[in-house]
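Hello,

Here is the structure I promised to hand over. Have a look at it first, then read my notes below.

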Amino acid sequence: MSALLDISHLTVSFDLPTGAVEAVKDVSFQVPAGETVALVGESGSGKSVTSTAIMRLLPDLARIEGEIRFDGQVLNRLSPKAIRRLRGNDIGMIFQEPMTSLNPMHRIGRQIGEVLRRHKGMNGDQARTRVLELLTQVGIPEPERRIQSYPHELSGGQRQRVMIAMALACDPKLLIADEPTTALDVTVQAQILQLLKSLQQRYGMAILFITHDLTLVRHFADRVCVMQHGHLVESGLTREVFDAPQHAYTRMLLAAEPKGRKVPVNEDSPLVLDARDIRVRFTTKRRMFGPDDTFEAVRGISLKVKRGQTVGIVGESGSGKSTLGRALLRLLPSEGTIAFDQQALEGLDQKALRPLRSRLQVVFQDPFGSLSPRMTVGEIISEGLRVHHPELSRRERDARVVEALKDVSLDPAMRARYPHEFSGGQRQRIAIARAVVLKPEFLLLDEPTSALDRSVQVTVVELLRDLQQKYDMTYLFISHDLAVVRAMSDTVLVMKNGEVVESGTTEAIFDHPSMPYTQALIEASFLNRAA
Amino acid sequence: MLSYILKRLAFAIPTLLIVITISFFLMRVAPGGPFDGERQLPPEIEANLEAVYHLDEPLPMQYLRYMNNLVHGDFGPSFKYKDFSVTELIMQGFPVSLEIGGLAIALALLIGLPLGVIAALKRNSAADYFVMSLALGGIAVPNFVIAPIMALVFGVLLGWLPAGGWNGGAWPNLVLPVVALSIQQIAYIARMMRASMIETLGSHFIRTARAKGLNEMQVVMRHALRPAMLPVVSYLGPAIAGIVTGSVVIEQIFGIPGIGRYFVQGALNRDYTLVMGTVVFYGALIVLMNLLVDLLYSVLDPQIRYDD
């Protein structure tokens, strides 16, 4: 069998001032025509570098060794002109970032048409006809109108559809899809994968599918190649690899689904948070005369949380889940009543709230952006203590920092270092330590695991559960990731458009979802099949 | 769009009011007055003069009188250039400054933009280092050094161009002042364009453009140029306002009858009305240029819209 894409002994190194760094080491695999091959690995495994090397889109300081053979030609020896003839023509590519991968200044019709004019020599009218055809195929509604749209006028899912239309415009033999659904909501992700699948059947193209998400691979790929630290550690038919993984790393990845359930709280546990009819309005446009235009992001939600409980809030982007979380902690102004430990929060101004802040803490999604880069880890963790417990001596503060770092399983000796010296998972632990050092009773966790690799997620989920037991903390856990929510929560709130669609115990929601929206969410995240 | 423009112009009024008020009182706080010269005037004459120009009135009264005149479009008479009103002085000088400044900006864009793009494309190469060293030189060497040297070399030693004088705006007289004025701007624009181009070339949609099979020329011209120009455009607003209102140094060195010199001479002479006139004019021009820049932004970037 001669494969469409045949990569043999590929090594990619970057000539950095500090010396050469090998990102891909002696990797060989094949993509047969018409099949889907998944390249799987966690961040830093070299999977994206591999796919970018095929298109020769790596920066100049990258050095490629080995052979990338595509359809009888050796891509890494082609002249720049020859490789440009293949790009967008025989090989299409879609990327992880649908929000930024389209030129914000050009209409989408022009952006898709550009490929056709470049490779097929079409004139304006011919290109327009084909673009309309493509937009229809990728499921963009009202293509006649949308062809005139700018990217910012489309949603993330629609932009990714436009990217797909662009990649497929010239009937490529190979489509490289680099994490094409990672930035999208689960239901949209399912639609995009479905679309790719049906287009593949229609055009008979091969797909090289790069992803970190094994659940997707199982449902989408014929073959799978697993990468770790630049090496290809295992490859084979998807079914075989999933049924009988040979390499320890593959087994670890496959086991990396968050497991277990939270220990339930006592029935008679006291109420910690009692929120009624919470509404949050944002002003979208101020008017000099008449009322401002507003958008209601949270529409009358009531919520009771018992001590030691975890309430999971799930929903897609824009459902209002983060807004609700912030409103409950009075980080955003809202209507309705909020009682924390029987004390009304809604009348208090920020100054009056300050003593309560040590009892109500937050951990945010982005472990890269939410830690100040100019402060040491020790300073970041101890800052809250300085504010809320000024009576502590320096030595006592330091002892608390050491304890907090031990709590999150980090070496206390690391407190003199700066955030950039840590990995994503370690940073999220630091962010958790920063919150936990104050011994809060209530912790808002806003997508705390979303930016992390699966295997790291599992450890963070376990850590959070252990800390909750140890300090009798109450969690409000916001996530779009149902697997994580299931492993963390006692009860679940499903949100859509600022309203609660469905709520109940974790078992009830996951095992017997009653609302179609909840069913769709669970269906789309492949949970029922993977579990 | 129209309502946006009207709104912006309406917001300009309080801005200008504050500028005028602060400059008015600052000017009066400064020691000395318009009639303090080397020769001490007899007190009666000085009193007469002050009465003529209402300088004997209480300061708030003078302020109100000035504002009233201003609203009626009257900048008042110049204290030093007798027989001229401030309006006449500005109207005489401004076209000259505008011509020199406008040409200098055009030249700066014509040279600075391509230099910046080339430096960005050939990043960390000899061409890049060469352009950036030149730019650094252009910024570091002040124009009161460059201008006399140019006048000396091209005007006196080589005799190719007139070393000074306006001559009714004949082109040989324009060359040296325009070039001298543009050097610093070329340097700024090239540096800014390089930085912005490098940033744009690293963005995701440029990777998409390359993945489509476009060549570097097409990638740069069709996809990178326009977004990369945005920071330069926002710099141009205040820069143009600053340059077309005249450069004191260039106008002094080349003997050009623009309005730049009025700024300094007016201030030194305590020519209250002239200083105020130029300040109001400069302020209004800045506001106007910033508005134009913002409108141009919406033309360049479809994500920015000013409709209701």
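First, a term: pLDDT is the predictor's confidence in each residue, from 0 to 100. This is a predicted model, so local features need pLDDT of at least 70, side-chain atom pairs count only at pLDDT 80 or more, and totals for chains, interfaces and linings use all residues. Residues are numbered from 1 along each chain as its sequence is written, while chains are lettered from A and ligands numbered from 1 in the order in which they are written.

**Confidence**

The model scores ipTM 0.78 and pTM 0.80. Chain B has an average pLDDT of 88, and 98% of its residues score at least 70. Within chain B, helix α11 (residues 260-268) has the lowest confidence, with a mean of 81. Helix α8 (residues 204-211) of chain B has the highest, at 94. Helices (H or I, at least four residues) and strands (E, at least two) are DSSP runs, numbered from the N terminus.

**Chain A overall**

Chain A holds 20 helices and 20 strands. Its radius of gyration, taken over C-alpha atoms, is 25 Å. The C-alpha trace of chain A spans about 70 × 60 × 45 Å along its principal axes.

An automatic or database domain assignment gives chain A domain 1 (3-90 + 172-254), domain 2 (99-171) and domain 3 (370-439). The centres of domain 2 and domain 3 of chain A, taken over C-alpha atoms, are 48 Å apart.

**A sheet in chain A**

Find the open sheet of 4 strands, in the order β12-β11-β14-β15 (chain A). The pairing is antiparallel. Two strands pair if DSSP finds at least two bridges between them. β12 (293-306) and β15 (343-344) of chain A are at the edges with a single partner strand each, so one side of each has no neighbour in the sheet. Strands β11 (residues 271-285) and β14 (residues 335-340) of chain A are joined by 5 bridges. A:Arg279 stands opposite A:Glu335 in β14(A).

**Where the chains meet**

Residues are in contact if their C-beta atoms, placed from the backbone, lie within 7 Å. On that basis, 22 residues of chain A are in contact with 17 residues of chain B. On the side of chain A that touches chain B, α2 (80-86) and α3 (108-120) of chain A each supply at least two residues. The largest share, 4 residues, comes from α3(A).

Best wishes

Methods
Rg over C-alpha atoms; globule rule 2.2 N^0.38 Å. Contact = placed C-beta atoms within 7 Å.
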